[in-house]
Each structure stands twice: as C-alpha cells, then as structure tokens.
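Please look over the structure shown below together with its sequence.

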Amino acid sequence: MSVLIKGGRIITAADDYVGDVYVEGERISLIGESLDLAADKVIDATGKYVLPGCVDPHTHLDMPFGGTVTIDDVESGQTSAAFGGTTCHVDFIIQPQGHTFAAAVEEWKSKAEGRQLIDMGYHMAVTDLKNGGSLEELASLPEEGITSYKLFMAYKGALMVDDETLFRTMQVAAETGALVMVHAENGDAIDVLIKEALAAGKTEPKYHALTRPPETEGEATNRAIQLARVAGSPLYVVHVSCREAVEPISRAREAGWNVHGETCTQYFFIDYSYLERPNFEGAKWVYTPPPRPKDNRDVLWNAVRTDVLSAISTDHCAFLWDGQKTMGRDDFSKIPNGGPGLENRLQMIHEFGVRAGRISMNRMVELLCTNPAKLFGLYPRKGTIAVGSDADIVVFDPDRKLTISAATHHSQSDYNLFEGTEVTGTPEVVLLRGQVLVENDELQVEPGYGQFVKHAKFGEELKPAATAAA
C-alpha cells in the first residue's frame with residue numbers, strides 16, 4: 001500500500017518545514033515538496049503538523065501488583081496509545097521470584113500474542129538473581145532484542161532488590177551493551193516510615209507521599225549513579241519527580257557521565273494537594289514516586305528543556321478507582337500504585353509545554369519520540385521522519401479543541417488523571433508502518449497488527465529492514 005501525505009508541517013527533533021511524505025509499504029520512501037506521485041491513499045495535511053509516531057518507554061500493561069492486575073491489558077492499553085499518537089512502546093517484563101528470565105519472557109509475550117495494535121518491545125525487570133534467573137541468562141537477553149534491565153530500589157518485600165543485585169546487574173550491562181534502569185527510592189527507609197505511620201493510625205492516601213519524602217528519591221538516585229559509574233554501565237533513572245533527584249542527574253551529566261533520566265506527564269501537573277482530596281478520591285493519584293510539592297513543576301520543566309532529563313514517559317499503570325484502589329481504603333500502603341496516562345501525553349505536553357512557551361516543537365518531538373527511540377535501541381527505525389524509517393506518523397491538528405475525560409478516553413480505567421483539562425491540538429490521523437491506525441476518531445486495524453520489535457544494544461542504531469521485526 002502507498003500513502004501520500006501532502007502539504008503538512010513536518011517536524012522532527014532537528015527539522016521544521018512544509019513538505020510531502022510518500023510511503024511505500026511499511027517505510028518512508030520519499031520526502032519532498034509538491035510530490036506528484038500516485039498513491040493508494042492521499043492525506044491532505046495542510047495546516048497540520050506531521051510528527052513521528054511517539055515512543056513511550058515506560059508502561060505496565062496486564063501487570064500483577066499488590067494483589068490485583070492492572071486494568072489495561074495489551075489491547076486496551078495499546079488502543080489508548082494509538083488514539084494518543086503513540087505507535088510504539090516498551091513494556092516491562094516482571095521476573096517473578098524464583099522464575100527464570102526465559103519463563104518470564106514467555107509469560108509476557110503470551111499476554112500480547114494476537115492482541116497487539118501497535119509495535120512494542122520489552123525491558124526486563126530483574127527481581128531475583130539468587131533463586132531465579134542467573135547472570136549468564138541475563139547476559140543473553142540482548143541477543144534476543146531485550147537490551148534494558150530494570151531494577152526496583154523500593155517496594156521492600158516485593159520487587160525491591162539489594163545493592164549486590166543492582167551492582168551485579170550493572171556489571172552485566174556494561175559487558176553486554178544493555179542499559180540499566182532504576183526505580184530510585186530508598187526502600188528500607190520508606191518501609192520504616194510506612195510502618196510508623198500505620199502504627200500511629202495514619203491511613204489516608206496522603207500518607208503515601210508523606211512516607212516517601214523527596215530525600216529518599218534523591219538518595220537512591222545518587223546511589224545508583226555512583227554504582228553505575230563504578231560498574232561502567234549506562235544508567236537511566238525512571239520517573240524523576242523532584243529537585244532532589246534532578247540535581248544528582250544534572251551533576252553527573254555535567255561531568256560527562258553516561259547517565260540519563262525521564263520524568264512523566266503527571267509530574268508536571270499533579271501535586272501533593274491532590275492526595276488530600278476527601279472521600280478517598282486522593283487514591284486516584286497514588287503512584288510512585290508520589291505527587292510532590294508544587295514547586296517541583298518548574299524544576300522538571302527546566303530539566304526537560306535543558307536536557308538534564310532526556311525523555312517524558314507515562315508510566316501508564318492503570319487501575320480502577322472503584323474496586324481496585326479501594327483495596328487500600330483503610331490502609332494507604334494497600335492502594336495499588338499507578339495511574340493511567342498513555343493516551344494524553346502528546347496532548348498535554350503540546351498544550352502546556354509548546355503552546356505555553358516552555359519548550360519548542362522540536363524539543364517536544366525529541367522528548368516524546370526521538371530520544372526514547374535512541375536510548376532504547378529503536379532509532380532510526382522509530383522516532384523520526386526520514387527516508388527508510390518506519391512510516392510511523394501522526395498527522396496532528398494543532399487547532400482542534402478537546403476536553404480530556406474518562407468518559408471519552410480508551411483506557412479501561414474509570415478515571416483520568418487530567419479530568420476536565422482543555423487542550424488545543426490532538427492527533428487526527430495515526431499511521432503505523434504505513435497502515436492507518438486511527439482516522440475519523442475510529443480505530444482502523446484489528447488486534448494482531450502490532451509487532452514485537454527487537455531492540456539494538458545501547459548506543460547502537462536499529463537499521464530499518466523489512467525483516468527487522470520478529
């Protein structure tokens with residue numbers, strides 16, 4: 001199938017110009033002005049932005065957590081992604097305690113088989129190197145296209161690893177060309193604070209934040225940076241939420257260390273006060289790290305503008321407020337941690353980042369598309385508009401007004417983090433590998449179209465090739 005996108009404002013991380021994009025099959029084959037070519041489908045993009053499909057490097061679909069399972073499976077989560085202009089995401093395989101990495105990969109791939117609407121890859125969350133996966137098995141994962149290892153420095157008694165496991169994983173990453181990701185909080189200190197709060201009868205949602213102070217995130221971030229330096233591995237700090245974590249990342253990057261960080265859409269907009277809302281409504285915003293004091297918002301905007309932080313993800317980890325979050329009505333520590341967000345990242349960052357003058361259009365593309373693709377071995381196949389790249393394209397209407405609401409979003413969650421927010425600008429047509437995914441506010445493909453993408457090793461390029469997806 002061929003597609004000709006005519007007259008749009010093509011915006012990448014580096015360029016911004018009006019032109020045409022010609023797609024043959026799954027790839028972009030020509031970019032130019034006033035292309036006079038026959039095509040099976042012609043899209044008039046006059047007055048619209050033509051953007052690369054967004055890449056979300058941090059999602060949790062169909063994931064067990066805290067005695068329940070996230071409400072969005074691969075199909076519903078990827079439907080949300082497609083309507084929001086995200087054409088590729090990287091989900092987390094969580095290694096169960098006592099299980100091999102191979103068994104975990106098989107389990108997670110079976111959850112996605114036949115349900116995929118967009119392209120996806122995986123990170124491996126390492127939880128057990130003593131009684132489950134081995135270092136040798138971990139070292140083999142990059143050859144299978146899984147080139148990033150995630151470690152939790154929090155959630156004691158569940159997902160948290162000790163520093164030995166963290167450091168040994170970093171050593172393996174240094175040898176195999178993988179990228180180490182950390183959830184950076186001091187889980188031991190947090191565990192003490194949670195127990196003290198509950199013993200004092202402090203059970204409301206706000207204590208989720210008060211028992212996870214910013215200093216615990218800052219300490220763990222710095223510890224991970226220093227250990228990665230010793231091990232010689234690259235480091236990526238996920239969901240950075242506060243000044244205390246931004247500062248050690250900034251120092252490391254100024255020194256030229258191989259350290260990178262992301263924040264998430266919600267941390268620009270949701271602050272601690274949301275957790276204080278009455279009638280347990282505050283539980284909607286229980287995610288980790290928690291919403292921080294409002295003054296951290298400007299810190300984060302400055303960090304993404306100046307490349308202290310290199311990407312914006314969603315950490316989409318959706319639950320029902322009524323029926324899942326309410327498991328913790330009498331104990332904040334039992335509220336499943338996470339929130340929805342896959343669908344609204346591009347809309348929110350365009351509205352409050354670009355339209356508000358905080359970042360440029362090019363920087364938005366860099367944060368949402370290009371940098372995630374580069375950091376996780378997907379570029380230049382994903383994350384840009386270039387000849388030979390996958391035809392993952394968003395035709396974005398910069399003038400269309402929309403009110404974000406759970407009543408109209410595509411997640412199975414019964415609430416939206418940004419309920420009632422008015423934005424100007426939203427995807428109009430979304431293509432994945434040359435196939436129209438979304439048009440006329442309707443999904444145009446059946447489950448099964450999306451593919452698993454094998455990632456290149458850290459710092460290497462994923463060359464576009466007809467057989468690159470397996």
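What follows covers salt bridges and then a loop threonine.

This is a predicted model, in which local features need pLDDT of at least 70 and side-chain atom pairs count only at pLDDT 80 or more, while totals for chains, interfaces and linings use all residues. Residues are numbered from 1 along each chain as its sequence is written, and side-chain values use heavy atoms, with hydrogens and water left out.

**Salt bridges**

- Side chains of opposite charge can pair when their charged atoms come close.
- With a salt bridge taken as a side-chain nitrogen of Lys or Arg within 4 Å of a carboxyl oxygen of Asp or Glu, the count comes to 29 salt bridges.
- Arg 27 forms one of them with Asp 390, where the closest N and O atoms are 2.0 Å apart.
- This pair links distant parts of the chain, 363 residues apart, since Arg 27 lies in strand β3 (residues 27-32) and Asp 390 in the loop between α11 (361-375) and β16 (393-403); helices (H or I, at least four residues) and strands (E, at least two) are DSSP runs numbered from the N terminus.
- Both Arg 27 and Asp 390 are buried, where buried means under 20% relative accessible area, exposed over 50% and partly exposed in between (1.4 Å probe, protein chains only).
- Arg 27 and Asp 390 also belong to a network of salt bridges that links them with Glu 26, Asp 119, Arg 381, Lys 382, Asp 392 and Arg 433.

- Lys 195 forms a salt bridge with Asp 191, their closest N and O atoms being 3.1 Å apart, and the two are separated by about one helical turn because they stand four residues apart in helix α5 (residues 187-199).
- Lys 195 counts as exposed at 55% relative accessibility, whereas Asp 191 is buried at 18%.
- Lys 334 forms a salt bridge with Asp 331, with the closest N and O atoms 2.9 Å apart; Lys 334 is partly exposed at 48% relative accessible area, while Asp 331 counts as buried at 14%.

**Thr 70 and its surroundings**

- Thr 70 lies in the loop between β8 (68-69) and α1 (74-83), and it counts as buried because its relative accessibility is 5%.
- The side chain of Thr 70 reaches the backbone nitrogen of Asp 62 at 2.9 Å and the backbone nitrogen of Met 63 at 2.8 Å.
- Leaving aside residues up to four places away in sequence, Thr 70 touches His 60, Leu 61, Asp 62, Met 63, Cys 317, Ala 318 and Phe 319, contact meaning heavy atoms within 4.5 Å.

Methods
Polar contact = N/O pair within 3.5 Å; in protein donor to acceptor, adjacent residues only side chain to side chain.
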